[in-house]
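This report goes through one protein model, from its strands to its cores and loops. Please keep the sequence and the 3D view open while reading.

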Amino acid sequence: MNRRNFLQLSGTTAMAIAIAPSLITQKLYAEDGSLFKPYEKVQLKDADGKPLKTSALVEEENYIFHYPHAATPALLVNLKTPASKDIKLKAEDGTEYIYRGGVGSKGTIVAYSAICAHQMTRPTKAMSMFQYVPTSGKTIACDKSGVIVCSAHLAVYDAANGGKVISGPATQGLPAIVLEVDKDDTLWAVAVLGPDKFEDYFDAFKQELKAEHGRRGAKKLVKEEAKVETLKNFTAEIIQA
Ligand code: FES
């Protein structure tokens, strides 16, 4: 191959890469701030191991999957109404980032890290004090529903507005799990957007995570697929204030 042909081929390859949808999304997010972290592109699967389609998600049900690490839970919700678009958010250190909105045909599907930004309460198999309260539900944590509540100390996060803090002790919002929907309606997790506390979490729960996931298992990056299940199936007890 001569140099001219090589350059043409390189240009074609570059163009092919440039139009890959996931890369375009990642580029757009990345340009908006420094709090975008791409991880493995992981396909979300249902409890039977089949690719999860957005059409199968029950409205306002709490779903749990683990991403980007084997031991970092995430909350997936198909909201009643579309999530807001292009929400400007700020981490506690002042870093700004922009939440682009939900996915799915109506923009109602959102996912957030399920590790509370206050003191890292999160759903475990034994118990969950962290969940989305549907619009028909009630919480003593605030006077509105359709929000994410951590009942440990009543932090309330706005599920439709990038996970920002509504009330309570948290000083920054929940990081969003960036989702993509393929043309066959299947759902993928591709990145984390916002200030995560993963390293603090691994330190704080070291012994517990080691017992559950083995010596290095908790930090392992999830690859290829992640199982999604309802919170009520995942955990033995749900406690909601
Ligand atoms: S740990 Fe969630 S509110 Fe304190």
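Two strands pair if DSSP finds at least two bridges between them. Helices (H or I, at least four residues) and strands (E, at least two) are themselves DSSP runs, numbered from the N terminus. By this rule strand S9 (residues 155–158) and S10 pair in the antiparallel sense, over 3 bridges. Within the strand pairs, Val156 stands opposite Ser167 in S10.

The model is predicted, so local features need pLDDT of at least 70 and side-chain atom pairs count only at pLDDT 80 or more, while totals for chains, interfaces and linings use all residues. Residues are numbered from 1 along each chain as its sequence is written, and side-chain values use heavy atoms, with hydrogens and water left out.

**Strands and sheets**

The protein has 5 helices and 14 strands. An open sheet of 4 strands runs in the order S7-S8-S9-S10, with antiparallel pairing. Strand S7 (130–133) and strand S10 (164–167) stand at its edges; each has a single partner strand, so one side of each is left without a neighbour in the sheet. On average, neighbouring strands of this sheet are turned by 35° against each other, direction ignored; the axes behind such angles are lines fitted to C-alpha atoms, for helices over the stretch in contact, and angles run from 0 to 180 degrees between N-to-C directions.

Another antiparallel pair consists of strand S4 (residues 87–90) and strand S5 (residues 96–99), with 4 bridges. Here Leu89 stands opposite Tyr97 in S5. S4 and S5 form a hairpin with 5 residues between them, and Gly94 in the turn has a positive phi of about 95°.

**Interior**

Buried means under 20% relative accessible area, exposed over 50%, and partly exposed in between (1.4 Å probe, protein chains only). Of the 241 residues, 47% count as buried. In soluble globular proteins, nonpolar side chains tend to be buried together. A nonpolar core is a set of buried Ala, Val, Leu, Ile, Met, Phe, Trp, Tyr and Cys residues joined through side-chain atoms within 4.5 Å. The largest one has 34 residues, and Leu75, Tyr112 and Phe130 are among those with the most contacts inside it. Strand S12 (residues 187–193) gives the most to this core, with 3 residues. A second, separate core of 29 residues includes Leu52, Ala71, Leu179 and Ala226.

Contact means heavy atoms within 4.5 Å. Leaving aside neighbours within four places in sequence, Leu75 is in contact with residues including Asn62, Val110 and Ile148.

Cys116 is buried, at 2% relative accessible area, and Cys150 is buried at 2% as well. The structure holds 0 disulfides, a disulfide being a pair of cysteine sulfur atoms within 2.5 Å.

**Loops**

The loop between strand S2 (63–66) and strand S3 (73–78) holds Ala70. Pro68 lies in the loop between S2 and S3, and a cis peptide bond joins Tyr67 and Pro68, with omega about 0°. Ala70 and Lys220 are 150 residues apart in sequence but 5.5 Å apart in space, C-alpha to C-alpha.

Asp185 is in the loop between strand S11 (176–181) and S12, and its phi is near 75°, a positive value in a residue other than glycine. Glu224, in the loop between helix H4 (206–213) and strand S13 (225–227), has a positive phi near 70°.

| Residue | Relative accessible area | Class |
|---|---|---|
| Ala70 | 26% | partly exposed |
| Asp185 | 21% | partly exposed |
| Glu224 | 64% | exposed |
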